[in-house]
Amino acid sequence: MLRLGVDIGGTFTDFALVDGAAGRSAIHKRLTTPGEPARAVIEGVAAIAAQEGISPADIGEIVHGTTLVTNALIERRGATVGMLVTAGFRDTFDIGQEQRYDLYDLRLKFADPLVPRRRRVEIAERLRHDGSVIRPLDEDEVARAVTGLVADGIEALAICYLHAYADPAHEARSAEIAREVAPQLYISTSSGVFPFAREFERWTTTTANAYAQPMVDAYLAQLEAGLQGLGFAGRLAIIASGGGLMTLATARQFPVRLLESGPAAGVLMAARVGEVEGTPDLIGFDLGGTTAKGALVRGGRPFKTYAFEAAHSYKHKTGSGLKLQIPVIDMAEIGSGGGSIVTVDELGLLRVGPRSASAVPGPVCYGRGGTEPTLTDANLTLGYLDPGFFLGGKMALDAPAAAAAIAARTAPLKLDTVRAAWGIHDIANEDICRAFRMHATERGFDYRRSAMVASGGGGPIHAARIARKLKVPRVIYPAGAGVMSAFGMLVGATSFEIVRSFRASLAAFDAPAFAATLAEMEAEATEYLLKAGLSPADITIERRLDMRYAGQGYDIEVTLPADVTPDEMPGRLPDVFAAAYRATFDTLLDQPLAIVALKVEAVGPRPGMPAGLAGGDEAGAATAALKGRRRAFFPAAGGMVDCPVYDRYLIAAGETIAGPALIEERESTILIDAGDTATVQPSGAVVAAIAA
Amino acid sequence: MPAFNAVDLSILWERLVSITDEGATALIRTSFSTLVREGFDLSVLIFDRDARMIAQSTKCIPVFIGTAPITLKHMLAKFPGETLDPGDVVVSNDPTIGTGHMYDLAVMRPIYRDGALAGYAMSITHLPDIGGMGFSVSATEIYHEGLRLPITKLVKAGRLDDDLMELIKLNVRVADQVAGDIHANLSCTSVVVRQVLDFMDEYGLASLTPLADEILAQSENAVRQALLAMPDAEYVSEAEVEAYDEVRTLKCRVTKRGDRLTVDFDGTGPCVGAGINVPFPYTRAMALYALKCITTPAIPNNDGATALIDVVAPVGSILAAVPPSPSAGRHTIGHFVVPLIFDAMARIVPDRVTAASGLIDIMTFQGRHPDGRQMSANYFVCGGFGGLKDMDGRQTTPGSSNMGTTPIEVFEPLSGLVVEEKALLADSGGAGEWRGGAGQRVVIRNDTGHDLVLFSMANRTMFAANGMFGGAAGTKRVHLVDGEPVVGQGRHVIAPGGRAELRQAGGGGYGPPDARPLPAIAQDIEDGFLTPEGAVAAYGERARGLG
């Protein structure tokens, strides 16, 4: 079957077409159409079909990821949303979390709520934390409130009641009433979107879901119609922030789960590449235009998290964005991308980012009006990029302008320009290392025994040196690194995850209640997959628990062994928890245990690994792939050296190349540092052994 | 000629800070104390072999600025560095040489490299309990406030002193949780030591001293430049504060000469017989914090940032308390140090200070859960932030310190109480060209079926947050039990079904109210910060008919 992965990014929309039977793939790249993202997809499908001499009708499945929701939150281009909220708590968003995210900065800004105060209406109702009713729902008040909000012009409604994670009845009934009053309304309930304690985040998530619903619905409708128009009749799926595939119906219901879907696919692909290369534990590292991202994979599985901050509103700082609860691939993100601007701070120290020149005007060397030096300008000045072969030669780079901008900006440091450029490159590496180190340590991940998979336009330039700093022994540069997310779309399994608060002490464990809740969640998660056309035999269920020592405020996730029955849990769980706790914090405590939440994920079968972009028939010995030499800066080799440059597409599997060396492909350049050795694998991936 | 160029220095420096941040994150995630995990009431620090503090975790609160170096100095006076075994751990919770109350335990390990002393690692967290009268103002002497440990080796040459642990556990309420948090500190300092050693190996540093010299010189120089840019002068401010059943006047004199700045609290009144007296290290920390916000908010904190600043206060005054004066709730008074300094400095740097803030309301609830289990829960609620030049004060935002709120869906199961309302308090922020932030109203019902005790440590119940440059004051803080106002600092019993209502103080406004444009006032009404009537009261007839 022909399968097509589509990654709609900020600048480019990438396509990866994989022919499973023939074991081959093709790629296509075109500019994103921001106002109307479905258009680039439809045109791209037609184009890649024409390019490969097939008909869209031959494509069995299209999986895509999109930044539509991410951008809608950043640019505040969502729907007009109304909110029903428990009486007494209309101001929860304004009151906020009552903490300044920077202790010394007195002028902090916080994200504005997605629903303005006047469209939040209080409803008489109240539950306790155990789900018992303190105050019954005033149904007439719900009807009146919805009528008023509709008259005020709302397109979507968020229903957010306290403790609704414990019992959804009040929210569900309110949704029913709202549907009777206004059948056309898009409705999101907090118990439906993410039934988890912590009202500020759950309600923010619910309003974000409502905010995105009309737009996602319209986008998907346009996409479906457009693809049908081309004759496409296969399955169309969309990748969620947690890395699972969703049907369009599920995506329409939970659009907030589309955040970060492109990067999630990139991490899935990194995990599969690691599997092929025999390294199940790895760091996925991507360096794009504005940010660098890192994700950890253990035993072939990406780490996940359930807290995500979108759309930072002040100096890219954590704490200034919208705080959401969704299952999401756990990524460290830092503001060090190719476009990150270089500055000298008040201490006279060099800084890279987080301010970015973005795609427009872009780095100085792009010659599109950028005047502030960036990381890409430094990489060009250091000789890592070929001014004549950027994007395969489609775009000429202005090296003298880049060097001049760096010299001007770093003049107070009294360093020569190459030394300053090296400082910029090295500081970006160190910033990325620091973020990764912190991220890994917090999760008990020993990166010294892992590998790194490098992707994105800039990842392969920086990966070897970051790996050396972190003592990561191997770096893998997959074939097609520049369109890795598009390939990643094709390796995700259909899945749906439900997370629900479930507070219980292990000492007084109610096995029947636990079993009942678990069964309910399993049925619900499975239902989404059955609706996607999967048969029950193809669905596996994974169960995880959030646990802690009673009295702590944070949890450790433990996987429930498949064979354990609810009755056995009090006997079995202490050991399971102890192993997880020790792995993270290096210690154990003598304290009773508590369960905080249940997570159930229904997962469908995993598709096979798509055929890579291994070298073609013309690939041969590395010596034959030598394109030339250029001056590039390798401190480990003594400074500016005459560095060999290879054409990646001409190196056959089994060939080795010793650093210092540069290996070029169309979308990126692999930097092999002095002391490191690269080997081309049968999969087409280049693997570098990093010197200690 | 500096030993490190700008590139190396920034890399090495940030790495040290990130080691302390990793340690802090582990403590937050494992702590049993609400103050640690919601309020970041903790700090992790690295010192060089001369006991100079060179890196401090960025997640912390002002109380830890400049206090740990004092604690370490006293520890080393008793146990000189060279006499320490690499396996020793020294602890202290003495408020007079630490952070001002006994909840905060400082845990220190020496860092040895190849048999030579290279530096020190320290972590400090607010323990879940320390015995005595609990986290309240109720004590009349320090002896009521719980267990005061002398500077002691908790671990000697790698061996934990079980007798001392037993002593601690016998004297506190939630013994296992206190022990759990102490163990977390032991493990945190051990990880910091290991990482500092790895770091020195990686960069081939035989000693931290040259790096420390450079870090401290750079930080000091940044403060120096900021000070030199200000005119020399002497500025004074004073504030009246409620102090249990009395009123105290706090006085502050800021003297700026060249590259030195002195803050003197001479003239401040004496201690009172309640746990709100402020030991000097806390006063100094708050003063250094205020000055850091003003001079160099963007650079990491270390001893270099404090070298050019002197803070003095008369011994025995309420800002330099000594035993037997109690101090468990020293923040109640101590939080006023920041607005005092902002007020004094406003004429020098009007664009870098805020009008007075409504501050934080910190309290402890004690009683029983509906099922009879013992319950003790801390709760924090914020007033409004003061207005700034060209920026409104934010509603419900902590000033002086920085505790976060506990979500209602977490607090209710923790306490067995029901929060009936948590809403913006309209008309509470001070009017001004840039208005003060609104406070809030929180109504908590005792739904436990048992008597509930509220230990309240409130301030601003008698004296509002003042405006600046003509801005109006915010409204005062009010505590009510069953609708009746009660004193802000004390112990109140709430019967089953009874209610506590906590009205939070508004922040002061900045600049004359007449200068606030009508559209901004209309927006305040829309945002719930003002009622239409309140708008007229605050801004005059021109605001009539808005909203």
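I began with a strand pair: β10 (residues 260-264) of chain B and β11(B) pair in the parallel sense over four bridges. Strands here are DSSP runs of E with at least two residues, helices are runs of H or I with at least four, and both are numbered from the N terminus. Two strands pair if DSSP finds at least two bridges between them. I then looked up Asp264(B), which stands opposite Val312(B) in β11(B).

A note on the source: this is a predicted model, where local features need pLDDT of at least 70, side-chain atom pairs count only at pLDDT 80 or more, and totals for chains, interfaces and linings use all residues. Residues are numbered from 1 along each chain as its sequence is written, while chains are lettered from A and ligands numbered from 1 in the order in which they are written.

Next I looked up the sheet. Four strands of chain B form an open sheet in the order β8-β9-β10-β11, with mixed pairing. Its edge strands are β8 (233-243) and β11 (309-312) of chain B, each pairing on one side only.

Then I turned to the chain contact. I found 56 residues of chain B in contact with 53 residues of chain A (C-beta atoms, placed from the backbone, within 7 Å). Which element gives the largest share of the side of chain B that touches chain A? It is α1(B), with 14 residues.

Technical notes
Contact = placed C-beta atoms within 7 Å.
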